[in-house]
Amino acid sequence: MAAKRVYIINGSPRKNYNTAALLHSFAEGAREANAEVEVTEVNLYDLHFTGCRECYACKLRDGRSYGQCGFQDDITELLHQVAHADVVAFGSPIYFSEITAQLRSFLERLWYPFVQFKRGERQIIAPKRVRTAFLITMNLSEMAMRRSGYDALLSPVLQWTGYVFGYEPQVQFCFDTLQYRDYNRYWADAWDVEGKKRRHETQFPLDLQQARQLGYAMTKPSR
């Protein structure tokens with residue numbers, strides 16, 4: 001039996017902070033769940049790419065790249081690998097009510113080739129069904145997030161991912177995170193800094209544990 005393939009896609013510019021830590025915990029859970037697993041961790045900010053270029057190579061009649069992104073850059077092969085994975089975990093902080101531009105650009109390139117417009121044929125032509133998860137970090141509290149409608153703003157990303165890959169994505173929100181290691185260096189005294197530090201000490205370990213459990217649950221061998 002082939003090894004289960006798990007991809008960890010970090011859409012944060014920070015490789016060793018909140019979002020990255022959650023994704024690492026997810027990866028650890030995946031490794032614990034299944035000895036036959038290959039985990040690949042990717043930092044999107046290390047790669048040079050753009051969002052969809054509207055070249056339509058993925059829609060060209062009799063085109064060699066029909067149904068796959070034909071634009072060549074640092075993520076061309078990665079898009080193919082992710083589409084053939086068994087489990088994919090995407091991570092991002094929230095910037096102005098949205099996931100980062102890098103992750104959004106990656107998802108545009110990932111989704112669009114698998115949506116076809118041939119009359120009378122199935123619309124989704126992804127090569128396989130893929131289980132996905134989104135681990136989302138933010139500076140807001142859960143109450144402020146709901147009041148601001150972030151969950152509604154994020155729903156199209158989740159819906160499109162589920163539509164293309166056949167499974168409803170799992171979602172973990174991590175609230176009221178620490179933005180800075182040293183708040184004294186920045187103008188940020190509008191925040192309850194001591195309260196955020198206390199919450200980070202007590203809640204963030206639980207968030208890491210939840211991410212680990214999610215990685216385990218999504219990767220464990222089916223009976």
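**View 1. Lysine 59 over the ring of tyrosine 112.** In this predicted model, lysine 59 lies over the face of tyrosine 112, 3.8 Å from the ring centre. A charge sits over a ring if NZ of Lys or CZ of Arg is within 6 Å of the ring centre and within 35 degrees of the ring normal. Ring pairs also join Tyr112 with Tyr56 and Phe117 in a cluster. Residues are numbered from 1 along each chain as its sequence is written, and side-chain values use heavy atoms, with hydrogens and water left out. As the model is predicted, local features need pLDDT of at least 70 and side-chain atom pairs count only at pLDDT 80 or more, while totals for chains, interfaces and linings use all residues.

**View 2. Aromatic pair of tyrosine 180 and tyrosine 186.** Rings of Phe, Tyr and Trp (its six-membered ring) pair if their centres lie within 6.5 Å; planes under 30 degrees apart count as stacked, over 60 as edge-to-face and the rest as tilted. The count by this rule is nine aromatic pairs. Tyrosine 180 and tyrosine 186 form a stacked pair, at 4.4 Å centre to centre with 20° between the planes.

**View 3. Lysine 196, tryptophan 191 and threonine 177.** The charged end of lysine 196 sits over the ring of tryptophan 191, 5.3 Å from its centre. Threonine 177 touches Lys196, as well as Asn18, Thr137, Met138, Asn139 and Tyr183, not counting residues up to four places away in sequence (contact: heavy atoms within 4.5 Å). Threonine 177 counts as buried, at 8% relative accessibility (buried: under 20% relative accessible area; exposed: over 50%; partly exposed: in between; 1.4 Å probe, protein chains only).
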